[in-house]
Amino acid sequence: MITDNDELKDFKLRPMKCECNYLNRSDGSAILSQGQTVAVVSVNGPLDIKMQSQSIGKATLEVLFSSKGGKPSIGDRYKEHVIRQTCESAILGCLYPRTGITVTIQELEDYGGFLACCLNACCLALLNAGLAMRHTFAAVSCAIDEQGNIQLDPAPAQLETSRATMTFVFESREKSLVTAFTDGSYSDSAYSEAMERCRSASDLVFQFYKQIVSKYSYVIG
Amino acid sequence: MSEVYKLIHPVKFFNDYISKNVRPDGRSFSEQRNIKLNVDAIKTADASALIKCGNTSVICGIKLELATPKAEEPNKGFLITNVELPPLCSSKYRPGPPSDSAQVTSNIVSDIINNSKCVDLTDLCIVPDKLAWVLYCDMLCLDNGGSLVDACIITLMASLKTLRLPTVTYDPETEDIKVDTNVQTKLKLNGLPIATSFAIYKYMDRNVTLVDPSSYEEDMCGGLGANLILCYNKGFLCSSQKFGGSNFSVDCEEKALKIAKERAQLAEEVIDVCIKNYESKTNTV
Amino acid sequence: MKVAVGEVVLPGDQCEEISLVGEKSKVILGPGLRKEVDGITITKAGTLKKRSPNTYWVDNYQKRYIPSRGENVIGVVVQKAGDIFRVDVGGSCSASLSYLSFEGATKKNRPKVNIGDVVYAKMLVASKDMEPELVCVDSHGKKGRLGVLEEGFVFKCSLNLVRKILNPECPLLNSLKNEWPFELAAGLNGRIWIKAKTMRETIAVGNAILGCEYLNTDEIKSMCTNIASILAGHVS
């Protein structure tokens, strides 16, 4: 890790808590809370799926998102799209041809940075399911306020006063950008700066993953 | 012969082109397709535009309606955008309820319009809490040849630019509404958001950024639609979305931002020229 | 990130140690490792293990079975289709088991296998592109320990738990077998079949196995004595 401690203090994210294998019957699952934002993700697969949706070269990834209200909306489709594209770039689907992998996300609490929390929970659930992956990924959200200050992992109060919010997903190998989506308008320089800040902060998420995996790895073998 | 080669070795076929620094349709990596724009394509709509950008063609129609504003936002009107992807436009889509990709595209387009704040919704309000305009902006894709969001945004903005709101008088006592179509005002627009799509392909160890990808290129880059969409409005970014495709390094990012900025200016000129021509024509008739 | 043997690894980490060894001699890459252009990459989260001289793998947590050649698995017969039985082994598609691949089976003399029977079989063919195939005989045509499992009780658990209890260093089975007699068949697909004299004893074995998932060696030993004393106390 190149970042020294002084810098790390600057990149503070809300406290993360996670329980892997939270759901008994799915192949992999995780509940993750980032601050007060909570999401549960369950991963099932590789499963047998109907002929129509099988693809001969790789696993078919299906993402289902259900919001707290349970009523499907266009916004949910967008979230599914974001999560599917992110997971697809991470999973080594070519090892499981003609099968399906289902990722189900349930919203529990949304207090800012919800989609980032979902994505991180997805990564933990995929690790828990033992699916082969190219890399892990970490999502970090940030908000830019009227003065142009960047606030990492914003709380709802900070979101209200912000002019733009952004979420970036980085992969673990070279910290290159996997997924990004933004809200609001902002300048190029703010965008680049926010991305760099989030990139550095993604280290914290990767450390957290390692900590979670370490917790159970030594005893299961 | 090349068709057979393309079928048997789809990836190698594409790689062969990329290694020669050219794209399958003969463009260079950062070259975009020509934009052909035609405004007022549907006479029965209140405003409309038709765009052809390479093989992608999208038609946009705006319908005006009057409604009561929402109680939470009594001084705001409504701008409702919707993108339709009928089976006509590509073999990927089936008839029936809107597919996932249509919903995702709709969502991206409406997000861009909302984030850019190019239409001030308070302008659409006629009498607070009583009467406001609803702009139903329907975009129908006739042919999906890639970079759909770009085309949707351009047609939508061109239509909005030609839109004229009739004068409405509202009598608070009798609640009588009078619409005078003879006196029309232009809709005020704050800037002109222009989106630029990119496909990102990993060839050997380098990332190749393809500007304004065709649907074939989008498929090869593994995304549903474009991998990266950048949207500029008055020099400010108002949307940046990246999904799938190859992972993205910093220098590619800077290059993409620059290209998007240039394209925003170019597209803006296209729209301006097109509307100027249209207006001069309608005035002379 | 660079990692070494014995460490906790995450997908995307790279292990230089293996590629260095690989330059000199043959290396066997087990589950969770993948050769790429620029070295050996980890694909699963867990601990990186090595067995001398040069076999490497990642010990990870997993519940879903991916068929792999040569493994002994426990499956349930779900369908009889002509010459083959379809067996559910917990993978993405059911495995096939020919009726001729039982000891002494001929076209005339069919083995007695019914739908719903539990079989202990070996994976003969397991490839990602093909349907897995099981056999209940070894290469000499002998059944050995394979075949239909009569009576008993089957339960599911995670794949790493099966590997853990089968590990010779794990004290669980050694401790339990001294306490009371039972039969056990462990399928590497995360299914364990047990049979003891009484229901109480069967449940005790099952609970002991499930209970040891997150325990270390010493804790397993104390748990076994604990269960034995409870069982003995009630029986006598």
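Okay, let's start with the fold of chain A: going along the sequence, you read α-β-β-β-β-α-β-α-β-β-α-β-β-α. That comes to 5 helices and 9 strands. Before I go on, keep in mind that this is a predicted model. The predictor gives the complex an ipTM of 0.91 and a pTM of 0.92. Chain C has an average pLDDT of 91, with 99% of its residues at 70 or above.

So, staying with chain A for a minute. What are the dimensions of its C-alpha trace along the principal axes? About 55 × 40 × 30 Å. The radius of gyration is 17 Å, and that agrees with a compact globule, because 221 residues packed that way would come out near 17 Å. Of those 221 residues, 54% are buried. And if you take the contacts in chain A between residues at least 6 apart in sequence, 66% of them join residues at least 24 apart.

An unreviewed entry marks residues 13–131 of chain A as "domain: Exoribonuclease phosphorolytic". That span is 28% helix and 34% strand, and its end C-alpha atoms sit 28 Å apart.

Now, the inside. Quick reminder of the general picture: in soluble globular proteins, nonpolar side chains tend to be buried together. Here the largest nonpolar core has 158 residues. Which residues have the most contacts inside it? They are A:Cys118, A:Cys122, A:Leu124 and A:Leu126, plus B:Ile154 from chain B. Helix 3 of chain A makes the largest contribution to this core, with 14 residues. Take A:Cys118 as an example: setting aside neighbours within four places in sequence, it's in contact with A:Ala39, A:Val41, A:Ile83 and A:Ile105.

Okay, interfaces. Let's do A with B. Here 24 residues of chain A are in contact with 24 residues of chain B. On the chain A side, the elements that each supply at least two residues are helix 2 (74–90), strand 9 (177–184) and helix 5. Which of these gives the most? That's helix 2 of chain A, with 9 residues. By class, the chain A side divides into 9 nonpolar, 10 polar and 5 charged residues.

Then A with C. This contact takes 32 residues from chain A and 25 from chain C. The elements of chain A giving two or more residues to that side are strand 3 (37–47), helix 3 (114–129) and helix 5 (188–220). Helix 5 of chain A has the largest share, 9 residues. The classes on that side of chain A are 16 nonpolar, 10 polar and 6 charged.

Last stop, chain C. UniProt, again in an unreviewed entry, lists residues 152–198 of chain C as "domain: K Homology". Over that stretch the chain is 34% helix and 34% strand, with the end C-alpha atoms 10 Å apart.

And that's my tour, thanks.

Note on methods. Residues numbered from 1 in each chain as written. Chains lettered and ligands numbered in written order. Predicted model: local features only at pLDDT ≥ 70, side-chain atom pairs only at ≥ 80, totals over all residues. Contact = placed C-beta atoms within 7 Å. Helix = DSSP H or I, 4+ residues; strand = E, 2+ residues; numbered from the N terminus. Nonpolar A, V, L, I, M, F, W, Y, C, P; charged D, E, K, R; others polar. UniProt positions renumbered as here; feature names shortened; annotations may be inferred. Core = buried A, V, L, I, M, F, W, Y, C linked by C-beta atoms within 7 Å. Buried ≥ 20, exposed ≤ 12 C-beta atoms within 10 Å, placed from the backbone. pLDDT = per-residue confidence, 0-100. Rg over C-alpha atoms; globule rule 2.2 N^0.38 Å.
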